[in-house]
Amino acid sequence: MRKYKIAFIGDAKIGKTRLIQTFLNGEQKRDYVPTLGVEVHELKIQLGSQTITTSCWDCAGSAKYEGLAEGYLIGADLVVIVTNTKNDNEKKWESRIQKISKCGMPRYMTVFNTIKSKIFFRNFN
């Protein structure tokens, strides 16, 4: 069975880990603990009779780890740019995706994570 790699990128404190935790177990932790480098979580999605397995790569957004994030995107089937409506750094992250893609641009989407934890999806390329 094929495992799909999904990389979550975005600025520090934007809500990447919280978003992933919501998908994994339906809970949202209130305490902020910065991601160091990357954390990989397995998520199984049931679609009818088929189970899809993904590895969700939660990439640190801190400037201290920026150089590492590009390496984590290699081989990703989907890159999720997490941002919010007040801090639109989507173009910065898109340029990083383009920089590492030698065999074509990986699919990516932007998720706007708002203060009220509502999630809005935009542009799936």
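Okay, cysteines to begin with: the structure holds zero disulfides, a disulfide here being a pair of cysteine sulfur atoms within 2.5 Å. Buried means under 20% relative accessible area, exposed means over 50%, and partly exposed is in between, with a 1.4 Å probe and protein chains only.

Some housekeeping. This is a predicted model, where local features need pLDDT of at least 70 and side-chain atom pairs count only at pLDDT 80 or more, while totals for chains, interfaces and linings use all residues. Residues are numbered from 1 along each chain as its sequence is written, and side-chain values use heavy atoms, with hydrogens and water left out.

Now the layout. The protein chain has three helices and six strands, and from the N terminus the order is β-α-β-β-α-β-α-β-β. Helices (H or I, at least four residues) and strands (E, at least two) are DSSP runs, numbered from the N terminus. Of the 125 residues in the protein chain, 42% are buried.

So what is in the largest nonpolar core? It has twelve residues: Ile6, Phe8, Ile14, Leu19, Ile20, Leu43, Cys56, Leu78, Val80, Val82, Met109 and Val111. To be called a nonpolar core, a set has to be buried Ala, Val, Leu, Ile, Met, Phe, Trp, Tyr and Cys residues joined through side-chain atoms within 4.5 Å. At least two residues each come from strand E1 (3–9), helix H1 (16–25), strand E4 (78–83) and strand E5 (107–113). E4 gives the largest share, three residues. Apart from that core lies another, of eleven residues, including Ala7, Ile81, Trp93 and Ile97.

Over to helix H1, where Lys16, Leu19, Ile20 and Gln21 are buried. Just after H1, glycine 26 takes a positive phi of about 75°. Lysine 13 also has a positive phi, about 60°, although it is not a glycine. Lysine 13 sits in the loop between E1 and H1 and counts as exposed, at 66% relative accessibility.

Threonine 54 lies in E3 and is buried, at 3% relative accessibility. Setting aside residues up to four places away in sequence, threonine 54 touches Lys3, Tyr4, Ile6, His41, Glu42, Leu43 and Ile45; contact means heavy atoms within 4.5 Å. Serine 55 is in E3 as well, which covers residues 50–59, and serine 55 is buried at 10%. The side chains of serine 55 and tryptophan 57 are joined by a polar contact of 3.3 Å. That term means a pair of N or O atoms within 3.5 Å; within protein, one must be able to donate a hydrogen and the other to accept it, and residues adjacent in sequence count only if both atoms are side-chain atoms.

Last one from me: zooming out to contacts in the protein chain between residues at least 6 apart in sequence, 59% join residues at least 24 apart.
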